[in-house]
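Let us go through some labels and ask what stands behind each one.

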Amino acid sequence: MKPSSSLSNDQKLKICHHKAANPSIKQSALANWAMQEFKLSKVPTQGTISNILAKRQQYESMDSTELTSKRQRAVKHPELDNVLANWVLQCQARRVALSGDLIKEKARQFARQLELGERTPEFSNGWLAKFNIRHGFKAQKSYGESGSADLDAIDRNMPTIKEKLQSYSLQDIYNMDETGLFYRMAPDRTIARRQIEGSKKDKTRLTFVFAANADGSHKMEPLIIGHAQRPRAFNRKSGEQLGFCYRSNAKAWMTGLIFREWLQKMDQQMQDANRKVLLLLDNAPSHVVRDLPLTNVQVFLFPASTTSKIQPMDAGIIAAFKRRYRRFQLQDAIDRDEQQKVDIYKVDQLIAMKWAKAAWNDISSKTIANCFKHTGLFERETQKNEVGSEEQDIENELKDAINQLPISRPMSVHELINPEEEQQVAHEEISDEDLIKLSSSQDQEEEEDGEVMDENPPMSTKEKLNVLHSCISFLDLSNPNHVIAHKVLRNIQFEIRTIEKKQTTLDRYFCKEY
């Protein structure tokens, strides 16, 4: 019998149980165990194992027929399922009392808005039970009334928060938050206002999800949320194929479902590392943790009306990211202006994502640790060294760049890195109308408008080496900064030649074979 390369749901459940029985086992070892145990033709990838472990609850809820299947039964109406699940999560965030009958009635309302017509389900108790199991929702009940925090919330809650933090080492305390980014925004007040007002049409906004720990030793890979699954700039590749953690919906917003997926993956990462951590979160509508089977991540929600003052991401980490992103953007705009380009701020989404990833990676552990320290949450010192001068240097670079650009009403650096609208779009509660729009974008392949491909055609190896040679020839090695640049350029030169040599060897091999 020929070995199979695919797994049944029952086998996936057994993988989850084997992991639970052996919590310290690495995913690579778990993949090798699965190949031997189930006589597979090849070892499952790390991504496959990670996805299986994140869906343990789904496999445990399956009946015997579903377990023997190699594919999870497809949801008949995925758009309806998606919009209803996000609506339930928003209700949970607002502590709205929900009953099964209310969910079914809301489902009927969404079905009419989606124009399902004759395809509308019956919305029986059986349908409701499967919906709840699919999303990990327990039996609905009243959560009690929602209370709004008063002005003394920080002083009143600070002792409790500090006591909670004392139970964890600094490396095991994380904070996560979202921010919007108008990635083509010009540093000109007049132009920027038009761009922001038109951003819903030209789709030049992304949402970023950042998380890091209190000593700055671990910055998690940022999650990026865009408008389309495969924007034109992706050249028909997925975000994962391009090296990004990427999700999409019509509004480029964080939703309850995306958040829960992110949090379950974080929990799985901590299981693999055999770590128990605390995650600090604000009470945004999408941050619904209820009913999630987390084992290694404990979530602490900041009290309402306190996050802007005591959340580390808001205490300077997100601002540090935006300084670095805008530095990339303005440096590129100056280049385009010198080349007499018409729209010097117009870049495609992939370039913006690369700049953003580089900007996040450039933030030092000291900067992150000091932002945690400045919240006043910690009795302990996170870092003794202050790094305010590093951020000030970048601000000075931004000021110089703005002065070099043809701008009629220049923004201040503060306006450039802190536009109020960027925060609003990341934390808005989503209306029913927008929930419908969010669910309808799942199969979107390309941006329909507003997306631009990079105008510069790909360079050949020879052209790249010629450019590098010109740059190296320009350098004055009596200047210490030029010596540093010389070393970097020579390293890039070496990398390009190595890649070219390998490709030439492969070409010669295949020419001999054929």
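This is a predicted model: local features need pLDDT of at least 70, side-chain atom pairs count only at pLDDT 80 or more; totals for chains, interfaces and linings use all residues.

Q: Which residues of H2 and H3 meet?
A: H2 brings Gln 27, Leu 30 and Ala 31. H3 brings Gln 46, Ile 49, Ser 50 and Leu 53. Heavy atoms within 4.5 Å make a contact. Of the residues in this contact, four are nonpolar, three are polar and none is charged.

Q: What makes S2 and S3 a strand pair?
A: A pair needs at least two bridges. Strand S2 (residues 205-213) and S3 have three, in the antiparallel sense. Phe 208 has Ile 224 of S3 as its bridge partner.

Q: What makes S3 and S4 a pair, and in which sense?
A: The cut-off is again at least two bridges. S3 and strand S4 (residues 245-248) have four, in the parallel sense. Leu 223 stands opposite Cys 245 in S4.

Q: Why is strand S3 (residues 223-226) called covered on both faces?
A: Buried means under 20% relative accessible area. Leu 223 and Ile 225 on one side are buried.

Q: How do you know what span to expect for helix H1 (residues 9-21)?
A: The rule is 1.5 Å times one less than the number of residues. H1 has 13 residues, and 18 Å is expected. From first C-alpha to last, H1 reaches 18 Å, close to that value. Its buried residues include Leu 13, Ile 15 and Cys 16.

Definitions and conventions
Residues are numbered from 1 along each chain as its sequence is written. Side-chain values use heavy atoms; hydrogens and water are left out. Helices (H or I, at least four residues) and strands (E, at least two) are DSSP runs, numbered from the N terminus. Buried means under 20% relative accessible area, exposed over 50%, partly exposed in between (1.4 Å probe, protein chains only). Ala, Val, Leu, Ile, Met, Phe, Trp, Tyr, Cys and Pro count as nonpolar, Asp, Glu, Lys and Arg as charged, and the others, Gly among them, as polar.
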